[in-house]
Amino acid sequence: MTIAITGASGQLGRLVVQSLLRKVPAADVVALVRTPATSSVLGVETRQADYDDPATLDRALAGVDTLLLISAPVPGKRATQHKNVIGAAKRAGVKRIVYTSLLHADVSTIDLAGEHRETEAALAASGIPYTLLRNGWYTENFSASIQGAVAHGALVGSAGDGRISSAARADYAEAAAVVLTSEGHVGKIYELAGDVAWTMTDLAAELSRQRGRAIPYRDLPAGEYAAVLSGAGVPDPLAQAIAGWDVATAHGALFEDGRQLSTLIERPTTPLADVVREVLAAQVVSQG
């Protein structure tokens, strides 16, 4: 069985390849990337796959049995790009697609959810057996916030007391590898999230504990938070989007307590404290 992974050179894709190599021979794994010449370190066959060039997708998916479609990185282009991949998969005779969607994509108020819903609908219409991995937030998404909080002495946001069921990126990668290499997942929708939900106040408290000084959380109106982000160099549209994600978080968009992720990987998800420790250690190294 040949398993292919789109976006295999990305942060999630690399971890999925590593997880797969602990389960299947390297000969069974194909990394689909935009520029194969820069991805040889993955340790598996690489093939060019440009989301915007269906011809490359047709070649890349030849002989593939199972495809992990990792969500494309650029919002606004994802739905069309994903449909290009799904169309090529159908032409190539791919037998199963596993897609990394968004937590509660069908009802989520996060603006990113629309393209995920559109992709899920395209998968349903394709006739190809599929599985949805609706991934919650990666704890690593908060790396910039953590670094900024340490630099400025306060963590800021607009998430209020919203509970965030995040998990480490490696947890989600491991779950994808499990689904790709085992039976019984066709037609399933997995709402994947961390075991222990936390708030931004909890994150500030963990930061304070690890840094040995008080780093409070300051909740701001969305407009003020977006202005802070813009002042820090975040492009205005992205700053507005991030503030909007926080508002959705305040209303429960990132909370999930079904523990389907830890069930799939057969271990607890990575604690918040562990990721904070890694982010702080990386910050020290970069400054050194």
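Reader: Where does R259 lie?
Author: This is a predicted model, in which local features need pLDDT of at least 70, side-chain atom pairs count only at pLDDT 80 or more, and totals for chains, interfaces and linings use all residues. Residues are numbered from 1 along each chain as its sequence is written, and side-chain values use heavy atoms, with hydrogens and water left out. Helices (H or I, at least four residues) and strands (E, at least two) are DSSP runs, numbered from the N terminus. R259 lies in the loop between helix 9 and helix 10.

Reader: What is the relative accessible area of R259?
Author: Buried means under 20% relative accessible area, exposed over 50%, and partly exposed in between (1.4 Å probe, protein chains only). R259 counts as partly exposed because its relative accessible area is 45%.

Reader: What is the phi of H104?
Author: Start with the place: H104 is in the loop between strand 5 (96–102) and helix 4 (113–126). R259 is not a glycine, yet has a positive phi of about 55 degrees. H104, also a residue other than glycine, has a positive phi too, near 50 degrees.

Reader: Is D171 buried or exposed, and which residues does it touch?
Author: D171 sits in helix 6 (residues 169–180). Its relative accessibility is 0%, so D171 counts as buried. Contact means heavy atoms within 4.5 Å. Not counting residues up to four places away in sequence, D171 touches L261, I265, R267, T269 and T270.

Reader: In the largest nonpolar core, which residues touch the most other members?
Author: A nonpolar core is a set of buried Ala, Val, Leu, Ile, Met, Phe, Trp, Tyr and Cys residues joined through side-chain atoms within 4.5 Å. In soluble globular proteins, nonpolar side chains tend to be buried together. The largest core here has 32 residues, and those that touch the most other members are I5, V16, L20, L68 and L192.

Reader: Which helix gives the largest share of this core?
Author: At least two residues of this core come from each of strand 1 (3–6), helix 1 (11–21), strand 2 (29–33), helix 6, strand 8 (189–192) and helix 10 (260–265). The largest share is eight residues, and these come from helix 6.

Reader: Which residues is V16 in contact with?
Author: V16 is one of the core members that touch the most others. Setting aside neighbours within four places in sequence, V16 is in contact with I5, L68, A173, A176 and L180.

Reader: How much space lies in the second largest pocket?
Author: On a 1 Å grid over the protein atoms alone, a pocket is an open set of points where a 1.4 Å probe fits, with protein on both sides within 12 Å along at least five of seven lines; lining residues have an atom within 4 Å of a point. Grid points are joined across faces, edges and corners, and a volume is the space filled by probe spheres set on the points. The lining of the second largest pocket includes T139, D195, W198 and P271. The space in this pocket is about 150 Å³.

Reader: Within what arc do the buried residues of helix 8 fall?
Author: Helix 8 (residues 222–231) has Y225, A226 and L229 as buried residues. The arc is that of the directions from the helix axis to the C-beta atoms. Seen down the axis, the buried residues line one face of helix 8, because they fall within an arc of 100 degrees.

Reader: On the other side of helix 8, which residues are exposed?
Author: The cover over the buried residues of helix 8 includes helix 5 (143–152), strand 7 (155–157) and helix 9 (236–250). After helix 8 comes G233, with a positive phi near 100 degrees. The exposed residues on the other side of helix 8 are G223 and G231.

Reader: How many Å separate the C-alpha atoms of A79 and H116?
Author: A79 lies in helix 3 (residues 78–92) and counts as buried, because its relative accessibility is 6%. Not counting residues up to four places away in sequence, A79 touches E115, E118 and T119. A79 and H116 are 37 residues apart along the chain, and their C-alpha atoms are separated by 7.2 Å.
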